[in-house]
Amino acid sequence: MALSDQPAAGGPEEEAEEETLVFRAALEAFGESAETRALLGRLWEVHGGGVAREVALERFRVIMDKYQEQPHLLDPHLVRGYKTFLSLFPHEVADVEPVLDLVTDQNPKDHETWETRYMLLLWLSVTCLIPFDFSRLDGNLLTQPGQTRMSIMDRILQIAEFITRPDVKRSKMAEFLDWSLCNLASSSFQTLQGVITMDGMLQALAQIFKHGKREDCLPYAATVLRCLDDCKLPESNQTLLRKLGVKLVQRLGLTFLKPKVASWRYQRGCRSLAVNLQLLAQGQSEQKPLIPTEDADEDDDVPEGVESVIEQLLVGLKDKDTVVRWSAAKGIGRMAGRLPKALADDVVGSVLDCFSFQETDKAWHGGCLALAELGRRGLLLPSRLVDVVAVILKALTYDEKRGSCSVGTNVRDAACYVCWAFARAYEPRELKPFVTAISSALVITAVFDRDVNCRRAASAAFQENVGRQGTFPHGIDILTTADYFAVGNRTNCFLVISVYIAGFPEYTQPMIDHLVTMKISHWDGVIRELAVKALHNLTQRAPEYSATQVFPRLLSMTLSPDLHTRHGSILACAEVAHALYKLAAQENRPVTDHLDEQAVQGLKQIHQQLYDRQLYRGLGGELMRQAVCVLIEKLSLSKMPFQGDTVIDGWQWLINDTLRCLHLISSHSRQQIKDAAVSALATLCSEYYMKEPGEADPAIQEKLITQYLAELRSPEEMTRCGFSLALGALPGFLLKGRLQQVLTGLRAVTHTSPEDGNFPESRRDGLKAIARICQTVGVKAGAPDEAVCSENVSQIYSALLGCMNDYTRDSRGDVGGWVRKAAMTGLMDLTLLLARSQPELIEAHICERIMCCVAQQASEKIDRFRAHAISVFLTLLHFDSPPIPHVPHRGELEKLFPRSDVASVNWNAPSQAFSRITQLLGLPTYRYPVLLGLVVSLGGLTESTVRHSTQSLFEYMKGIQRDPQALGSFSGTLLQIWEDNLLNDRVSLPLLKTLDHVLTHGCFDIFTTEEDHPFAVKLLALCKKEIKNSKDVQKLLSAILVDPACIGTVHMCTQTHLWLRAPGPHSARGSALPRFCGMVQFPGNVRRSALLQLCLLLCHRFPLIRKTTASQVYETLLTYSDVVGADVLDEVVTVLSDTAWDAELAVVREQRNRLCDLLGVPRPQLVPQPHAC
């Protein structure tokens, strides 16, 4: 790799922000081109130096690593590959011996210098090409009596291969071949050394038969082929050896055959795309192809070894590795070009035998590669196109299931390559009979293939055919929509591009047939769902065909024994029926105008047939439940004439049973099935349960709501989730007169109780249901049982606001965040609803509480919840239709968060969010909630969150250092937060960390000038309360000491617990020791009390705590030199540093008491332990 002389395409990249998650993908150019050139230019200066060389090498690696995922950015600047280097080496006659001497001096067993040997061998290979006999370089070989110097030729033979030189082959070729074959025969691919030896021998032989003249190599070809057969390379598991074997075999075959251009090959004539397009523009056809003639050498005998060579190449087409198949395909093409027409046609027939469904995908792939090679070389005559196109069309849709996935991607990609090659190889009239089939197949692959590589390959092949052939229907129009880049998005292909292409009648039915035949039964559920959606869209392009031809096929597939076919066909029935309804509705006609009675009855019977066959059970039942729920939804939307039919009861049973059994459904399918059932219920009720416009059937309403409310008390969390969302999805006429009852039941679900405290998902879904019901019933004065009004709005707000403090945690993490997010969304939706209709219902204290709760969430540590909270906060702030009333500090907020800056800020990034959120600390109403959220963020685990929240907090405190009133308000709020959250580890633990930061950075130095400042007194009191009765320090140590990086934290954590002679379980309670050390800076009783607690810790029962306490006190006394007098400081420090604090307590207690005397605090007295009765 080397730098080219081409200038860089762009300037240096700007330094990317640390939070950018896709940094490498954001690079646009090789910005370090100049620096890399400088590094390479200084190689001669640093190659011998240790440190300089290491620095340069490391910097080069850092630069290159940035482009590992975007190596194409380096292409304009770097030269890669040995072939480019060869022309840069000096290759004069005088260079031969110096290079040879350098190579000879190398140690082949030194693996550290392999790069040097590699470059020297490349250099030597260039010097071997000089057009002079090497004997001229030998001079006088007799240098001294009795000694003979080795000739240049022999020296090179020891280290390199240059047998094909005229002067070498005469005397050394036979000897070298004999030596190579002996090594090949004596080596085994079962051993590492054998693999290495065979690798070298095969490469050398392949190069000899590639570059040597045929007349020189022919005498040895049969012998080499026999030796190669004996090696049984196809049985080796080494890909490289099998590839080299195929490569050597084809070289031997080409040696057997005379080099010639087959006169019988097909020649298109002019293959210039520019000329072809110019001729077409002038109304002329392309140049006439040359007519194949009979081969004059048809009667030539084909050497005996050719048949064996072709047989081995055909076997190579089925190899398990692509590189071997590709090499075999090229060999087939080269060999066929030298064979007589009849034999070449036999080879084509043998290649076509690969396309049997009894063969593996490897054989299909190799066959496609071989056909492409034959076609582009003109060796596939037009008479064979009928057979070839038939198998290629099958290959374009080849997809065989293997276990939980499928194989065939490489086959489809290679089939696209065949179509691309044919576009360049044949004159348009030869392919004219196949244009319709090929164009449809390529369009289908480009739009509906699962893999992006295949879609892009098909698009490229289609484009090539449009340009070269000019006969594809609507080719230019399709290419502008389905180009190489457009087909990269799979969803866009299925749902957008397909609709456009289906607008051309030549492609409509083939696309629909492909979806029905291949895609709705696909093994990948995502493909099945995209396929049925695409079928919905394409139905509008061919409604008659879909109703009369497609729909009966789909109905027959709903009882298929194959699960995926059954699932996809039911979904397809639902989508096609709904699409036909939409078409009928545009003309104010019923859907039955498109679907006959048999089709309607078939749809009605799907559920009962599945139920009778017990297909709703087991894992397959999950797919059936989801599919039938979608069917219920679509048929209800399609207004099928099923009013009063028993099928409605069956559908209702399925929905209820699905919601009741959600806990039995696998977790990865549960959400999708739950959503499908809820959506089905909503449409089913809206269509079939309305007795009169706006009125529900009383019996159904009573039964449904009573049953659903009872299910809200289920011991299964998922059942609560399902029926909560079901109640939220009910239409307004079913809630009429029962609204209060439903809201009461849902509010009960959102409450946290000891027996169901670990049901966060049911609380989340209960909140979603409440918010959705509010949107459904709307706002209406004086109707608490029908709509939101003054009588029930406070209860709704209470339920939503009450869940803003849900911080439930389990093995999944902060699951309470789901509840808080749902609560924020519900608060926003309800508030906007009231603001539009009756803003007077939004009371001032409610609005203030909403804004404060959301502001707290906007300053907490989880990025996605923080971003959502900020979005809610700004939506409420900037809503102006009309503005939300009673927003505290609206004017200041609009200045801090201008509408123009909202969209440009990435609120997920801590660096951008915290610097703005901390500005709310200056507003009294928001100070407490925002500081509470910041405290939690500062004590988090994410490095970027901790760093940026800390920086933002310090920036704010720096601005109020000279404002005693603001600093006092801030400190008071901080202590109030601690007091309100005593023993609440979620807040108190990070708060201790926050206090450590602010005390260490001297943020409260102004308070140290006053003796027994109230802040210090209250801080000490809260610290004592926080660690009271903390226990189990051994559990704490075992939990934290696992990570060596946390040992410092362990020290802080464990130092605390002597205070009450009891161990403590939490790391942050252990953080009280630095708090005591930090409080030493406050003069008066606070200092004496802090020193007393530290002295108590020096005699804790655990040695680690004693040692850490001594270390902390030592550092504290050196930091705050005024704590003890100068006359005793040296003695105190000496005692702390020289005492073995992990010794026996009796010894330690004596030194501790001595320190108490020196520090001027009373000696602690032992408390007698009470005896058990």
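Q: What makes the link between the side chains of threonine 658 and arginine 625 a polar contact?
A: In this predicted model, the two side chains are joined at 2.9 Å. The cut-off for a pair of N or O atoms is 3.5 Å. The pair therefore counts as a polar contact.

Q: Why is threonine 658 called buried?
A: Its relative accessibility is 0%. Buried means under 20%, so threonine 658 qualifies. The residue lies in helix H30 (residues 646–660). Leaving aside neighbours within four places in sequence, threonine 658 is in contact with Arg625, Ile673 and Ala677.

Q: Is phenylalanine 504 buried or exposed, and how do you know?
A: Buried. Phenylalanine 504 has 13% relative accessibility, and the cut-off is under 20%. Phenylalanine 504 is found in the loop between helix H23 (490–502) and helix H24 (505–519).

Q: What does phenylalanine 504 touch beyond residues up to four places away in sequence?
A: It touches His474, Asp477 and Ile478. A contact here needs heavy atoms within 4.5 Å. The C-alpha atoms of phenylalanine 504 and proline 473 are separated by 8.5 Å, with the two residues 31 apart along the chain.

Q: Which residues of H54 are buried?
A: They are Ile1105, Arg1106, Thr1108, Thr1109, Ala1110, Gln1112, Val1113, Thr1116 and Leu1117.

Q: What makes aspartate 806 and arginine 763 a salt bridge?
A: Their closest N and O atoms are 2.6 Å apart. The limit is 4 Å, so the pair qualifies. Aspartate 806 lies in the loop between helix H37 (793–802) and helix H38 (816–837), and arginine 763 in helix H36 (residues 760–777), so the pair ties together parts that are 43 residues apart in sequence. Both aspartate 806 and arginine 763 are buried.

Q: Why do glutamate 1131 and arginine 1154 count as a salt bridge?
A: Their side chains meet at 2.9 Å, N to O. That value is set against the 4 Å limit, so the pair counts. Glutamate 1131 is in helix H55 (residues 1126–1138) and arginine 1154 in helix H56 (residues 1145–1159), 23 residues apart, so the pair links distant parts of the chain.

Q: Why are glutamate 1131 and arginine 1154 called partly exposed?
A: Glutamate 1131 has a relative accessible area of 33%. Arginine 1154 has 37%. Buried is under 20% and exposed is over 50%, so both residues fall in between.

Q: How do you know that arginine 1163 and aspartate 1157 form a salt bridge?
A: The closest N and O atoms are 2.5 Å apart, against a limit of 4 Å. Arginine 1163 is partly exposed at 42% relative accessibility. Aspartate 1157 is also partly exposed, at 46%.

Q: What lines the second largest pocket?
A: The lining has 24 residues. Leu40, Leu43, Leu57, Glu115 and Met119 lie nearest the centre. Helices giving two or more residues are H1 (33–41), H2 (43–46), H3 (50–65), H4 (82–86) and H6 (114–127). H6 gives the most, with seven residues. The volume of this second largest pocket is about 1300 Å³.

Key: Residues numbered from 1 in each chain as written. Predicted model: local features only at pLDDT ≥ 70, side-chain atom pairs only at ≥ 80, totals over all residues. Heavy atoms only, no water. Helix = DSSP H or I, 4+ residues; strand = E, 2+ residues; numbered from the N terminus. Buried < 20%, exposed > 50% of the residue type's maximum accessible area, 1.4 Å probe, protein only. Polar contact = N/O pair within 3.5 Å; in protein donor to acceptor, adjacent residues only side chain to side chain. 1 Å grid on protein atoms, 1.4 Å probe; cavity = no way out; pocket = protein on both sides within 12 Å on 5 of 7 lines; lining within 4 Å. Points joined across faces, edges and corners; volume = space filled by probe spheres on them.
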